[in-house]
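Hello,

Here is the structure we talked about handing over. My notes on it follow below.

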Amino acid sequence: TPAILPNEPSNETLQEWDRVHQLHPWASMDDWQGYDNMLVDCAEGIYLWDGDGKRFIDGPGGMWCVQIGYGRGEMADAIAAQVRKLAYTSPFTNTTQPSAVLARKLAEMAPGDLNNVFFTTGGSTAVDTALRTMHFMNNRLGRPEKKIVISREKAYHGSTYLAHSVTGKEREKSRFDIEKRLVRFLPDVNPYNRPEGMSVEAWCDEKVADLEKIIAEVGADRIGAFIAEPILSSGGVIVPPPGYHKRTFDICKAHDILYISDEVVTGFGRLGHWFASEDVFGIQPDMITTAKGLTSGYLPLGACIIADHVLERCASPDDPTLFSNGYTYSAHPVSCVAALTNIEIFEREGILQHVREVTPVFQGRLRALKDRFPLVGDARGMGLLGCVDCKAPNFAAEKRLGQMIDDACEEKGLLVRPFANMAVFSPPLIITAKQIDQMFDILESALEKVSAQVASEGGL
Ligand code: PLP
């Protein structure tokens, strides 16, 4: 086979080329050429190997996405066969067997009358599509003022202009522009941050009241949509208080505000169901956005699934208008085959059921960390999503605790995802109960090490 790159560059050379030429997502702009990203060489199951041949459990599951695990020959074969048969055709004029079958499959999986699938290139473009659909609908209904989006502090919805604009996470620190006219944010919903002495029920009442208050202030006639992740994942796996989703959903319905459930992380088995909106939280949104686990990360693909009643309101037979939204790679046939094969593997191996079975082991070990380590302020999660939220107010580098935990875990062969003082994990869904134990054994020894370090500096 001809070498793609000349003379098999060494790992050091690769790192140098990467440092000098590749600007990565979320790079630190003061020093973006000054540090190395981990060079990942290959992967199998729940493990990946770095350039030096060291093996790691992939705690973040890629980026909340590698549900069926790495190295599936069946995925490689299906993808290769589709490339040979038909690598591409324009979704603007044509359709294909994989995209038609996948659209039908997603319509069956999604709740209620969410029967219409618009394929995108990933999660951000799925969110963009959902918001633009709301714009389209309200323009068509002759209410151009009804466009404001309600989102929440700590939400993450993506990196296009519109998706970034409705992202609550650290927006005040961003040097990118956002479309401020179009969005209002509700305060943090994390029960961990409730005032001392307040019950979770009272916290839920307050969070629901925040939505009612903003609707009263802005006016329902100016609010087009409410967008919510069932669990605010990148914000630190924030699980809103019980009952919150149903109550906020009912308020949106009462005010004709479209409810967009961003299931880019919670979809495709992360909580033991295809989608969490109805099966876990009892709501039937007007739109669901999905990506990531849809192909288990093998190829890029996203989708915005839209309810019949929304598209019915977009139609105007007397004044036909094009839905001028879409991408060259919408419904990419090879990505759709990857999604279909991924779904086949889920079904054949009973992965949703497996997640439900191992969740108690995962969540049990997670919650035990809080009792064992004073450094752990909160250990929360749901399904195979978890977060260790550390607190050490007397420790100068409190915001680096996530990174310190990640470093200590890496030494012992586990990757976690650091966010400030938090460490987050969402392993491949095929992880066994025994592997979950191995993962938490490493995490516990890392917490021991970091706790000792923090204590030695007077931080605990
Ligand atoms: N929505 C949520 C909830 C996400 O977590 C993400 C990515 O992490 C996105 C949207 C954006 O997806 P993508 O990175 O595929 O554009």
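The buried residues of helix H13 are covered by, among others, strands S12 (385-390), S13 (414-415), S14 (417-419) and S15 (422-425), together with helix H14 (433-456). Helix H13 itself runs over residues 401-411, and its buried residues are Leu401, Gly402, Met404, Ile405, Asp406, Ala408 and Cys409. In general, an α-helix has 3.6 residues a turn, so residues three or four places apart point the same way. Just after H13, glycine 413 has a positive phi of about 90°. Please keep in mind that this is a predicted model.

The ligand

The residues around the ligand are Gly122, Gly123, Ser124, Tyr156, His157, Gly158, Glu229, Asp262, Val264, Val265 and Lys292. By class, this shell consists of three nonpolar, five polar and three charged residues. On the nitrogen side, an N or O atom in the side chain of aspartate 262 lies 2.7 Å from a nitrogen atom of the ligand. Taken on its own the ligand has 380 Å² of accessible area, and the protein covers 84% of that.

Helix H5

Helix H5 covers residues 123-140, and at 1.5 Å a residue its 18 residues should span 26 Å; the end C-alpha atoms are 25 Å apart, which agrees. Of those 18 residues, 14 are buried, so H5 is largely enclosed by the rest of the structure.

Tryptophan 64 is not a glycine, yet has a positive phi of about 55°. Tryptophan 64 belongs to helix H2 (residues 61-64) and, with a relative accessible area of 2%, is buried. Aspartate 256, also not a glycine, has a positive phi of about 55°. Aspartate 256 sits in the loop between helix H8 (244-254) and strand S8 (258-262). Its relative accessible area is 27%, so aspartate 256 counts as partly exposed.

Serine 165 is part of helix H6 (residues 161-165). Its relative accessibility is 2%, and therefore serine 165 counts as buried. A polar atom of the serine 165 side chain lies 2.7 Å from the backbone nitrogen of glutamate 179. Setting aside neighbours within four places in sequence, serine 165 is in contact with Thr160, Ile178, Glu179, Val183 and Phe185.

Threonine 295 is in the loop that joins strand S9 (287-290) and strand S10 (302-307). At 1% relative accessibility, threonine 295 is buried. Not counting residues up to four places away in sequence, threonine 295 touches Met75, Leu301, Ser335, Ala338, Ala339 and Asn342.

Valine 101 is found in helix H4 (residues 97-109). With a relative accessible area of 39%, valine 101 is partly exposed. Valine 101 and leucine 340 are 239 residues apart along the chain, while their C-alpha atoms are separated by 8.1 Å.

Regards

Note on methods:
Residues are numbered from 1 along each chain as its sequence is written. This is a predicted model: local features need pLDDT of at least 70, side-chain atom pairs count only at pLDDT 80 or more; totals for chains, interfaces and linings use all residues. Side-chain values use heavy atoms; hydrogens and water are left out. Helices (H or I, at least four residues) and strands (E, at least two) are DSSP runs, numbered from the N terminus. The expected span of a helix is 1.5 Å times one less than its number of residues. Buried means under 20% relative accessible area, exposed over 50%, partly exposed in between (1.4 Å probe, protein chains only). A residue is near a molecule or strand if one of its heavy atoms lies within 4 Å of it. A polar contact is a pair of N or O atoms within 3.5 Å; within protein, one must be able to donate a hydrogen and the other to accept it, and residues adjacent in sequence count only if both atoms are side-chain atoms. Accessible areas come from the Shrake-Rupley method with a 1.4 Å probe; for residues, only the protein chains shown count as cover. Ala, Val, Leu, Ile, Met, Phe, Trp, Tyr, Cys and Pro count as nonpolar, Asp, Glu, Lys and Arg as charged, and the others, Gly among them, as polar. Contact means heavy atoms within 4.5 Å.
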